[in-house]
Each structure stands twice: as structure tokens, then as C-alpha cells.
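Subject: Structure handover

Hello,

Please find the structure below. My notes on it follow.

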Amino acid sequence: MVTSMSINKFENLFIEMGRIRGVEVALAHSYEHQMMRCPIHLSIGQEYWLPLIYCQYQQGDRFYSSHRSHGLYLALKGGLRELIAEIHGSSDGCLSGIGGSMHLKSIENGLICSVPIVGSSIALALGSAFASRHLGSQVLSVAYFGDGACEEGIFHESLNLAALYQLPILFICENNLYSCNTKLERRQPSVDMTRFAKAHCIDSFSITQDLPYQVIFDNFAKAYNAARTGPVFLQCISYRLYEHCGNREDLDNGDRLLQEYESMKDKDLLLSLMGAYPSVKSAYQFAYDQTMQLCKYYSSLNSESLLQVNS
Amino acid sequence: MDHTIAIKNQLKLLLQSSARYCLFSEGINDTFYGSIADLPAIFPNQCFELPCSENASVGLAIGAASVGLLPIVSFQRVEFALLALEQLINNGAKLSFLSEGKISCPSFFRFVIGRGWGQGPSHSQSLETIFGQIPNLNVALPVFPGDSELILANFHLYHSPTISLEHRWVHYTKRHSIAPTSLNPYVVRAGSDLTIIATSYGVVQAMRLAEIFNSFGISIEVINQFNLGCFDYCAIFDSVLKTNKLICIDLHQRLYGCGAEIISSIAEAGINLSAPPKRLSSPHTFSPSSFRMLSEYYLSLTGIALAVCELLFIDGNKLNAILAEIKLSDNLCPPDQPNRQFNGPF
């Protein structure tokens, strides 16, 4: 909840949210041309906590992401052109087109890798944290995954190992309530992911966009900094407004009901921020236009290559 | 000096050389067949106990290796590594590929292959071709101390994980006069009448057999395949061009096995053999537990000798004399023990 819309010290963070949303909406709009030729997993609706990462980030910190990595990539200031190029399979992409949308990487900005096998990158973050501790470095390792990953064995194994070795690792679990199109309630007996941290004697925090932004900011900062001395679990409850994979809103299949979707859309923080702050709206629009332009350029390259294939 | 002591000495050298080397094992103080005995006491800050979390442990090792550590992880049996195939294949084999070589994860995994003494169907598989099929995984099957020393000393140079499939029964091998200088297959015994290409304990069997045949004036060349990843076929091609006769021994299954790969490559190279090559292995099932049934499952020296005699047209009295000699060798030890000195349980 954004209490004061007029003067807010978090305005720069809201602007960043607008930028991330602008990029992702443009990706969704461009996707229909079928020129990316690559699956995309959008984070539209989930942006509220992403700008907090860069507030706490220290040079050298290492992030290990899941498949839904556009938001994290942008929040860590990964290059926009490299992102768009990568999704279009272009050799000037952040991974020269080898990785595509599901393996985004920006090593110089701290995004070490994204792995689209659910839970798989958590153990790499664990190893990174182990090395930090062993070599006496101050680097924080961050595992970023979703509620679906909490159903994987490797997640539980990793929490146990992190607690056992007291590793400097932050587990960020983005609980967006869905795994593909399946509701959390149909996959787990509780919707609270912090219960797993408690079971492994790991301190946990939880944030949701309904909280005052100061509280969100403080909890995130506390979790991030505490993790430098030992494992911490942070649950970011969010809501994904688009389908699991692709550019549409997924009301046609799966568990999501129109009523729920509409009520969440009404609560969309970005919409109210864009209404209240011209700066957020313009950041959104600028990012949207810039992304559309880049998509157009890389689409045209792909379309030329395809013509050559067909001829 | 036997193989386990050689491994221990090599590990000790590594741990001494840099704090980046770390040992991990479930039961770190249980000596791992003597191969890490005393090391946790000497290097307490580099030896770590693992919980029963194979997949995360392998992922931890790969992740740590990608930022500068040189982890060495031991699992008591290959089958436990099945729980960690996910990390080995999804991350270990791909980190370098998915970073255009900017990230490497030199790490070492010791997976032990059991045999006999009740190991049964869940403690005796080698599964080498499962690992061998994955691009970028280095998969070695050491036979002699020099094999293990080479891979341990050099794994830090590789950009991806090295898996050492250590047969429990090759832990007893003595130092061999010929040591490898690369991961390529190499001739461990020169001969001129027939080539046997084997891995792991199959090499030990082939060497014993070659010794017996030698006393009958028959010269068998034995090649230790050693590594299942990419390798140079020169030693193999040179050998079959010389002998024109080939037997491949598969440690695990012949279906899609090492023998199939080698024979295909020889055929692709256009090398003509003077007789159809043979592939030998255990039957396409699992090892039974009872020592009474073991000889029905494992390939015996007699089984290999019959194939050699068939390819070399040896029959009649000579065949019988050879088989009688081999039977003596086969009977030196019960079928579920590598040697008389072996004591259970593992």
C-alpha cells in the first residue's frame, strides 16, 4: 500500500517498477509477431519488491535465478539491448543467443545464472555461499525461486545444508501462488513458504505488496543484510497477472478464476503508481517504447533470416 | 603400494597444496575404504561431513567450484549418484557452455562400484554410459594407481566436473609399469594376436587372462579405455590394425555400451577386422545378492577365454589345457571376493 502519493522517498523505486513493467508489457505485445521464437516467462504484476534488490546489492553479490528471470535481470541493471537480443536469439544477446529467455545471465551485474529446471539453481547458490565462507569473503549469495521450487527435494536439502554449515545465503522465494496454471492450494497443505525455513531453523521474513512500502523496504533490508552472516529465508508474496509462459493473461485454462483475476488486477500496484506519479508513468512509457523499438529491430533481423531459410 | 593408498597420498598432496581443495563425504571420518583415512584429522578445515542430500551436495560442489573452490565429493556407491544426476547434467555439464567459457566448475566426484559380498542389484551397477553420454562430463574409470593420480592431479584444469567411477575391486591393484599421460585409452599390455579393450575391473581380468595365454604362446594386447568422454582413438585403431581381432568387455551392459561405441568407431574408420569383433558383458539384468548366484551373472575369465579361443581358432587339447589353467586361476578366490584378504561388509 502506498500511503502518501504526493511526496514519497520511494519514488525512485516506483519509477524502477514502472521501467520493469514497461519492458515486460512491450515484450508481451511484441511476442505476438512470433519473431522471438523462444518461450518467455513474464513477471508482470510481481514487480513491487524487485527495485529493493539494487538498494541492498553490493558489488560482488551473486544471484542465482529460476526461469522467471527477466525481472531480476532488469532489477540488477542488466542491459536492455542484451536482454532483447538474447530473447530474439541474436549473437549480441547477453549470452550470444545460446541461452535464450530461460538462461539470462549478466555476470558483471551479479546475475550469475538462471536455470529453468525448478529448484536447480538453489544448490549453485549454496555452493557459492559455501565458497564465500570457506574463502573468508563478504560476498552474499542469493537463491531466487518460486513456490513451485519449494516442492522440490533439492530445496529442502539446500535449506538443511545452509543451516548446517551456517552459510551466508539469502533464499528469496517469490510466492506468486501459481505453478504454471495450478493453484498453490492444490499443491501444498499450506500457502506459507516460511514454514520450511522454520523447520530448518532458518530465520525468515515475509513481505506482500499490501504492506506499507516502508515495512516492505525494512524487511527486505533486514533479510538481505542478516543473510551476510547466516542463512535467511525471505518470502515475497506476489501475483502474476500473465500466464506461466507466454504473452497472454491465462484465464482460458488452469485454476485461475475471472473473479480472482479481476480483484488482483484492481489491486495492481503499478496501475495506481502510474496514476499517482507522472514520473512512474513516463518511466513505463519510455521503457515500453524503447523495448518496442528494440523488439522491432531484432524481429526484422529474424524475419530476414527466416526469409533466407524459406527461399 | 595399493590403489587406495595412492589415492590417499594424492589427496593429501592436493589438500596441502591449497585450501581451495575440500573433501566432502557422508561419513567423512569413516576412511572411505582407507582412501581418506587420517585426512580429516590433518585437514579439519578442508574436510566436511555431508548429510544424506546427494543432489544438493553435488550442486553445492559445482556451485563452489564455479567460484574458485576445488571440491572432491565421495559417494559410497554409484547408485547414490543417481539422486544427483540432475545437478551433474543440468548444471555441472552446462555451466561452462551457458557462460561461453566464462564460468568453469572443476570438481571431482568419486562414485564407487560394488561387486560381490552381497552388494546385489542396488550396490553394483557402474552405469558409466549414463554419465558418458553427457557432453562436457569427464568420466574416468581408473584401474591402476597411476590412473587415479593423473585425474586427481589434473581435474583442476578442466572446465567441467570429473567423475571417477572407482570399482571397489580395483582398490587393490598395484602400481603398473605403464602410467597414462592423458585421458586417452592406452595400452597396458602389448600383444600381437588379439586386442582386448576394457574398462575398470575388466582390465584387471583381461591382464590376468593375457598372462595365462602368454604361457601358451598367445600374445594378447590389452587396452585400458580409462575415459568415456571425448578421447583420441589412435591407441585403439593402431592396436586393431596390428592384431585384426577385437574383444570389447563392457563393465556394465553391452546394450548401447562402450563396446558398441568402439566397434562402431572402428567400422566408421573403415578398418577391416579378420574376424567379427566380440562384445562381452554381464547379461541384461541386475546382479543378484547371493554369492551362490554371482557366477551366473558376472563375466568369468573362462567366458572371456572362450571368446579369445574362438577368434583365434584354438580348439582341441590346447583349448582344454588353457581352460584348465584358467579354472585354477578362477578358483583361487570365491566369486564374491576380490582377494582372500578381503573382509566384509563392504
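Two strands are taken to pair if DSSP finds at least two bridges between them. Helices (H or I, at least four residues) and strands (E, at least two) are DSSP runs, numbered from the N terminus. This is a predicted model, in which local features need pLDDT of at least 70 and side-chain atom pairs count only at pLDDT 80 or more, while totals for chains, interfaces and linings use all residues. Residues are numbered from 1 along each chain as its sequence is written, and chains are lettered from A and ligands numbered from 1 in the order in which they are written.

Chain B holds an open sheet of 6 strands with parallel pairing, in the order 2-1-3-4-6-5. Strand 2 (47-49) and strand 5 (138-140) of chain B each have a single partner strand, so one side of each lacks a neighbour in the sheet. Within the sheet, strand 3 (residues 70-75) and strand 4 (residues 108-113) of chain B run parallel and are joined by 4 bridges. Ser74(B) has Arg110(B), in strand 4 of chain B, as its bridge partner.

Chain B is assigned domain 1 (3-172) and domain 2 (186-330); the bounds come from an automatic or database domain assignment. Between the two, 26 residues of domain 1 of chain B are in contact with 21 residues of domain 2 of chain B (contact: C-beta atoms, placed from the backbone, within 7 Å). On the domain 1 side, helix 6 (128-132), strand 5 and strand 6 of chain B give two or more residues. Helix 6 of chain B gives the most, with 4 residues.

Regards
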